[in-house]
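The sequence and the model are shown first, and the description follows.

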Amino acid sequence: GGTCNDGVCTCPFGYGDYFCQTVTVPVRLVGGNGYSSGRVEVFYESQWGTVCDHYWSLDDAVVVCRQLGYASGAMAAHKSAYFGQGSGPIWLDNLICDGSEPDLFNCTHPGVGIENCDHSDDAGVECVVTCDDIVCQNGGTCNDGVCTCPFGYGDYFCQTVTVPVRLVGGNGYSSGRVEVFYESQWGTV
């Protein structure tokens, strides 16, 4: 959808490579489980804003989930600030997607920032997560879209170290023998 003059393309919002092909509109989910569900927010004009739930449907949610890398789509499209009310601008309203669009800005809508909503109308999604969509780190294994992490790792993708550690017997708070808490007791390393 871009126009080119003298070998330089002017791209519509959301596309930024030389040939207007690369989607550059960031999207995130807030207030849900941390990675596959939450209030939909998009980044535009240097700030995050929400999406209004007028006409919000599963087809719209599928576009969001695919944009986030969940190839299996969405299991739910939530309305009425199901994941809590956002703040700041409401960037999109009256979205009509057919589910095949590369991002929300390619769905039919009246224009970015044109809305008649408040944050009690914020839209949300729940994406379908399969083991094809995620990579479990640090030796974690995936089963039904959930990482099972080895001891010491505990976030959604087994990246965050969660072993309680303390220093004992030193001459201050920054020195001493290293101990870890495992199976309900402290022990040395």
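Strand β11 (residues 165-169) pairs with strand β12 (residues 176-182) in the antiparallel sense, over five bridges. Strands are DSSP runs of E with at least two residues, helices are runs of H or I with at least four residues, and both are numbered from the N terminus. Two strands count as paired if DSSP finds at least two bridges between them. The model is a predicted one, in which local features need pLDDT of at least 70 and side-chain atom pairs count only at pLDDT 80 or more, while totals for chains, interfaces and linings use all residues. Residues are numbered from 1 along each chain as its sequence is written, and side-chain values use heavy atoms, with hydrogens and water left out.

A hairpin of six residues leads from β11 to β12. Within this pairing, leucine 167 is placed opposite valine 178 of β12. β12 also pairs in the antiparallel sense with strand β13 (residues 185-188), over four bridges. Here valine 180 faces glycine 187 of β13. In a regular strand the side chains alternate between the two faces of the sheet.

Val165, Leu167, Val178 and Val189 make a nonpolar surface patch of about 370 Å². Such patches consist of residues with over 30% relative accessible area and no salt bridge, with nonpolar side chains (Val, Leu, Ile, Met, Phe, Trp, Tyr) joined within 5 Å and like charges within 9 Å. A salt bridge is a side-chain nitrogen of Lys or Arg within 4 Å of a carboxyl oxygen of Asp or Glu. Valine 189, one of the patch residues, belongs to the segment after β13. Its relative accessible area is 78%, so valine 189 is exposed. The term exposed stands for over 50% relative accessible area, buried for under 20%, and partly exposed for values in between (1.4 Å probe, protein chains only).

## The chain as a whole

The protein chain contains one helix and 13 strands. Along the sequence their order is β-β-β-β-β-α-β-β-β-β-β-β-β-β. Of the 189 residues in the chain, 36% are buried. The chain exposes about 10,600 Å², of which carbon and sulfur atoms supply 49%. These areas come from the Shrake-Rupley method with a 1.4 Å probe; for residues, only the protein chains shown count as cover. Among contacts (heavy atoms within 4.5 Å) between residues at least 6 apart in sequence, 50% join residues at least 24 apart.

## Disulfides

How many disulfides does the structure hold? There are six, a disulfide being a pair of cysteine sulfur atoms within 2.5 Å. A disulfide is a covalent bond between the sulfur atoms of two cysteines. The table gives the sulfur distances and S-S torsions for three of these links, among them the pair of cysteine 52 and cysteine 117.

| Pair | S to S distance | Torsion about the S-S bond |
|---|---|---|
| Cysteine 52 and cysteine 117 | 1.9 Å | -90°, left-handed |
| Cysteine 97 and cysteine 107 | 1.9 Å | 105°, right-handed |
| Cysteine 136 and cysteine 147 | 2.0 Å | about -90°, left-handed |

The link of cysteine 52 and cysteine 117 is left-handed. Cysteine 52 is in the loop between β5 (47-51) and α1 (58-67), and cysteine 117 is in the loop between β7 (90-92) and β8 (124-127), so the pair ties together parts that are 65 residues apart in sequence. Cysteine 52 has 0% relative accessibility and counts as buried, and cysteine 117, at 15%, also counts as buried.

The link of cysteine 97 and cysteine 107 is right-handed. Cysteine 97 and cysteine 107 each lie in the loop between β7 and β8, ten residues apart. Cysteine 97 is buried at a relative accessible area of 7%, as is cysteine 107 at 5%.

The disulfide of cysteine 136 and cysteine 147 is left-handed because its torsion about the S-S bond is about -90°. Cysteine 136 sits in the loop between β8 and β9 (141-143) and cysteine 147 in strand β10 (residues 146-148), so parts that are eleven residues apart in sequence are tied together. Cysteine 136 counts as buried at 16% relative accessibility, and cysteine 147 counts as buried at 11%.

Glutamine 137 is found in the loop between β8 and β9. Is glutamine 137 buried or partly exposed? Because its relative accessibility is 30%, glutamine 137 counts as partly exposed. Leaving aside neighbours within four places in sequence, glutamine 137 is in contact with Phe157, Cys158 and Gln159. Glutamine 137 and cysteine 149 are twelve residues apart in sequence, and their C-alpha atoms are 8.1 Å apart in space.
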